[in-house]
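Welcome! Have the sequence and the 3D view ready, and let us walk through this protein chain together.

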Amino acid sequence: MSMKKYVKHAVMVAVDTVLPPRCVVSGEAVDRQGMIAPHIWAAIDFWGAPLCATCGVPFDFEVSGSEAEDMLCVGCLERSPPYASARAALRYNDASRSMILGFKHADQLHAAVAFVPWLQKAGAEMLREADLIVPVPLHRWRLAMRRYNQAAIMAQKLSMAVGLPVNVNVLRRIRATQSQGHLKVAARHKNVKRAFDVCDEAAVLNKVIILIDDVYTTGATAKECTHALLKAGAADVHILTLARVVRN
């Protein structure tokens with residue numbers, strides 16, 4: 001074992017001794033930090049193929065062979081989104097909702113340890129060609145109230161895991177917007193219209209960027225951020241989120 005791996009292992013053992021591992025959702029005792037209790041794990045719905053090649057929405061029918069890699073959903077056929085691709089690790093359901101809200105609003109930042117491998121798996125293809133990881137920003141007022149940006153936490157953890165650079169400040173929210181939670185689709189797009197800009201164009205120029213957020217709902221925020229990054233000279237933008245809402 002190398003010295004670096006030995007030190008990392010020793011630190012993990014020390015942390016587990018002082019802070020016994022707990023499920024990031026239920027708080028139950030588990031074997032290792034970042035693990036999920038078995039009954040919570042069983043309720044989490046991970047995305048799997050077949051998916052729309054662009055927006056990543058799952059198809060409700062089986063597709064086999066090379067056709068599965070290039071198929072597009074009706075929405076993307078009618079109007080292609082500005083980003084190159086979007087992927088999510090989980091379906092947004094009761095289990096993932098509880099986990100994400102705890103991470104987002106209840107200081108359960110240790111949950112990011114569990115999220116990173118899921119993000120790596122969901123975004124494997126885009127991670128291979130990316131140059132930079134960028135989180136969806138919070139407006140400074142909301143950041144002051146919440147004290148941390150959950151998207152930035154995930155972006156930094158993912159950056160360390162995969163060895164890609166991250167810039168948490170290059171994209172900023174220049175207009176305070178109301179919470180998207182209870183808005184309908186059209187209102188969501190209007191709410192975030194021109195709410196983002198890039199403060200350092202040289203940092204994104206000709207870069208393939210992965211934009212990180214917690215949940216993809218209608219795509220309004222992801223698309224507005226993409227427009228801002230492309231306008232500043234980014235080569236391509238891919239969207240990677242922890243969960244995605246799919247309306248039946």
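Is Arg172 buried, partly exposed or exposed? Arg172 counts as partly exposed, at 41% relative accessibility. Here buried means under 20% relative accessible area, exposed means over 50%, and partly exposed lies in between (1.4 Å probe, protein chains only).

## Before we start

This is a predicted model, in which local features need pLDDT of at least 70 and side-chain atom pairs count only at pLDDT 80 or more, while totals for chains, interfaces and linings use all residues. Residues are numbered from 1 along each chain as its sequence is written, and side-chain values use heavy atoms, with hydrogens and water left out.

## The chain as a whole

The chain has 12 helices and six strands. These are DSSP runs numbered from the N terminus: helices are H or I with at least four residues, and strands are E with at least two. Of the 248 residues in the chain, 46% are buried.

Now for contacts, meaning heavy atoms within 4.5 Å. Among contacts in the chain with a separation of 6 or more, 71% are between residues 24 or more positions apart. The accessible surface comes to about 13,700 Å², and carbon and sulfur atoms hold 54% of that surface. These areas come from the Shrake-Rupley method with a 1.4 Å probe; for residues, only the protein chains shown count as cover.

## Two salt bridges

Side chains of opposite charge can pair when their charged atoms come close. A salt bridge is counted when a side-chain nitrogen of Lys or Arg is within 4 Å of a carboxyl oxygen of Asp or Glu. Searching the whole structure gives two salt bridges.

One of them joins Asp45 and Arg91, at 2.9 Å from N to O. Asp45 sits in the loop between helix 2 (38-43) and helix 3 (67-70), and Arg91 in strand 1 (residues 85-91), so this pair ties together parts that are 46 residues apart in sequence. Asp45 is partly exposed at 30% relative accessibility, and Arg91 is partly exposed at 26%.

Arg172 returns in the salt bridge with Asp197, where the closest N and O atoms are 2.7 Å apart. Because Asp197 lies in strand 4 (residues 196-198) and Arg172 in strand 3 (residues 171-173), the pair ties together parts 25 residues apart in sequence. Asp197 is partly exposed, with a relative accessible area of 22%.

## Cysteines without a disulfide

A disulfide is a covalent bond between the sulfur atoms of two cysteines. How many disulfides are there by the rule used here? The count is zero, where the rule asks for a pair of cysteine sulfur atoms within 2.5 Å. Cys199 is partly exposed at 42% relative accessibility, whereas Cys225 is buried at 0%.

## Helix 12

Cys225 is among the buried residues of helix 12, including also Ala220, Glu224 and Leu229. Helix 12 (residues 220-231) has 12 residues, so at 1.5 Å a residue it should span 16 Å, and its end C-alpha atoms, 17 Å apart, agree with that. The expected span is 1.5 Å times one less than the number of residues. After helix 12 comes Gly233, with a positive phi near 110°.

## Backbone details to look for

Most residues other than glycine have a negative phi, and most peptide bonds are trans. Asn206 is not a glycine, yet its phi is positive, about 60°. Look for Asn206 in the loop between helix 11 (201-204) and strand 5 (208-216); Asn206 is exposed, with a relative accessible area of 57%.

The peptide bond from Ala49 to Pro50 is cis, with omega near 5°. You can find Pro50 in the loop between helix 2 and helix 3.
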